[in-house]
Amino acid sequence: MSSTQTQPQTKSLLGGAMIIAGTTVGAGMFSLPVVSAGMWFGYSIAMLVGIWFCMLVSGLMLLETNLHFKPGDSFDTLTKVTLGQFWRIVNGLSITFVLYILTYAYISGGGSIVNHTLSGMGIHLPQSIAGLVFALVLAGIVMISTKVVDRITTIMLGGMIITFFLAVGNLLIDVDSVKLLVPDGEASFAPYILAAIPFGLTSFGYHGNVPSLVKYYGKQPSLIIKAICIGTFIALVIYSCWLVATMGNIPRSQFNDIIAQGGNMGVLVGALSDVMSNAWLNTMLTLFANLAVASSFLGVTLGLFDYLADLFGFDESVNGRIKTATVTFIPPTVLGLLFPNGFLIAIGFAALAATIWAAIVPAMMAYKSRKMFPDENSFRVPGGTPLVVVVILFGVLTAACHLLAMADLLPVYK
């Protein structure tokens, strides 16, 4: 056997980083400028950096636990072995809820952006009907096969990258430093930070991919750590550019109108379209928004589709896939018809549940695995127990902020 045949295949670091970045960045980014309008740019960047750090650490803590198990073991297995059946159920329910509520969020956002796109062509539909059309078309793609979703998502991601740099690049060139650094409206900023934290957490959700990276790379912690760090940092840079582009072009006071109209994707894109002088670049921005919400929808619903098929024991036959599609798509689509403008509300609820499986549970598992495997000479996140406590407190704070904001006990910019 030749030496080339005995050498293990080298996996691409870039590939892993792109998996993390691609999962992290999606339609949820359209919520960031709207929920950050109260605290504006400086506080928004500081908040994003803090959340990025906490979510990076929680992902590395999940990796630390995962490395004690064989490649391919799922989040479910890790939780069951380290924390027991109760936390396995709690974690499973939280993941299911996040997938369902994000499916509804993307139906709402998709209906909004499809409606905005059609309005530009002189076609006017009720937003609930636009959301239904969006859901039916993409649900059909998911129902056909995973391979079709993979092919279409790859094409969409390529289109997203091109349209994002064309549209946002132009917006960055036209940034007004006065709008960005000396905002108009009330001279109150810091009080609005707490209500925005849950939306920041949702914007850095990649944790479901950590077991996939362990399976992909094997037990090569240095490669996986680099992939997670690079991928999440790319997301942080993209979000920062997005905030500069939006807040540097739309006055703070104009966000009052955007929020009053529900703060949905189409409303924000419409406001940005008004300040873009070039019709072609305006088209690129609208196309980017359509691709972002469509690819996010496909990614989330494929995960939910496969999870529910396994849960209910539905097979891969046509009949089985129809059953799976029914339980996957009907509940969120009905919600989309009843509440077409729930994009921001749904993203907030996703954060509430995501605090469990993306912050609290990974930190608890890392703490428990250090007790279970004290002598193993494998990767361990620096910072010891104090950093575990910080991540758990971050998760609790995020959940508390969402609940307090819902109860009108936190200032929310309106």
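View 1. With a relative accessible area of 2%, Trp40 is buried (under 20% is buried, over 50% is exposed and anything in between is partly exposed, using a 1.4 Å probe and protein chains only). This is a predicted model, so local features need a pLDDT of at least 70 and side-chain atom pairs count only at pLDDT 80 or more, while totals for chains, interfaces and linings use all residues. To follow along, number residues from 1 along each chain as its sequence is written, and note that side-chain values use heavy atoms, with hydrogens and water left out. Trp40 sits in helix α4; helices (H or I, at least four residues) and strands (E, at least two) are DSSP runs, numbered from the N terminus. Have a look at its backbone too: phi of Trp40 is near 65 degrees, a positive value in a residue other than glycine. Most residues other than glycine have a negative phi.

**View 2. Asp408 also has a positive phi, and here the residue is exposed.** Its phi is about 60 degrees, although Asp408 is not a glycine. You will find Asp408 in the segment after α18 (384–406). With a relative accessible area of 60%, Asp408 is exposed.

**View 3. Arg370 and Glu64 pair up in a salt bridge.** Their closest N and O atoms are 2.7 Å apart; a salt bridge is a side-chain nitrogen of Lys or Arg within 4 Å of a carboxyl oxygen of Asp or Glu. The pair links distant parts of the chain, 306 residues apart, with Arg370 in helix α17 and Glu64 in helix α4 (residues 40–66). Are these two residues buried or exposed? Both Arg370 and Glu64 are buried. In total, the structure holds 4 salt bridges.

**View 4. Two further salt bridges are formed by Asp76 with Arg88 and by Lys70 with Asp73.** The side chains of Asp76 and Arg88 meet at 2.9 Å, N to O. This pair, too, links distant parts of the chain: Asp76 belongs to helix α5 (residues 75–83) and Arg88 to helix α6 (residues 85–120), 12 residues apart. Asp76 is partly exposed at 34% relative accessible area, and Arg88 is partly exposed at 25%. For Lys70 and Asp73, the closest N and O atoms are 3.2 Å apart. Lys70 counts as exposed at 56% relative accessibility, whereas Asp73 counts as buried at 12%.

**View 5. Leu63 is among the residues with the most contacts inside the largest nonpolar core.** That core has 134 residues, and Phe30, Met61, Phe204, Ile228, Trp242 and Leu268 join Leu63 on the list of those with the most contacts inside it. The largest share of this core, 17 residues, comes from helix α17 (residues 343–372). A nonpolar core is a set of buried Ala, Val, Leu, Ile, Met, Phe, Trp, Tyr and Cys residues joined through side-chain atoms within 4.5 Å. Which residues does Leu63 touch, leaving aside those up to four places away in sequence? Its partners are Val210, Val214, Pro221, Ile224, Ile225, Ile228 and Phe379, where a contact means heavy atoms within 4.5 Å.

**View 6. Ile129 belongs to a nonpolar patch on the surface.** Together with Met121, Ile123, Leu125, Val133, Val137 and Leu337, Ile129 forms a patch with about 580 Å² of accessible area (Shrake-Rupley method, 1.4 Å probe; for residues, only the protein chains shown count as cover). Patches are made of residues with over 30% relative accessible area and no salt bridge, joining like charges within 9 Å and nonpolar side chains (Val, Leu, Ile, Met, Phe, Trp, Tyr) within 5 Å. Helix α7 (residues 127–144) gives the most to this patch, with 3 residues. Ile129 lies in that helix, α7, and is partly exposed, with a relative accessible area of 35%.

**View 7. Gly262 lies in the loop between α13 (254–260) and α14 (265–275).** Gly262 counts as partly exposed at 24% relative accessibility. Not counting residues up to four places away in sequence, Gly262 touches Asn341 and Leu344. The C-alpha atoms of Gly262 and Phe75, 187 residues apart along the chain, are separated by 35 Å.
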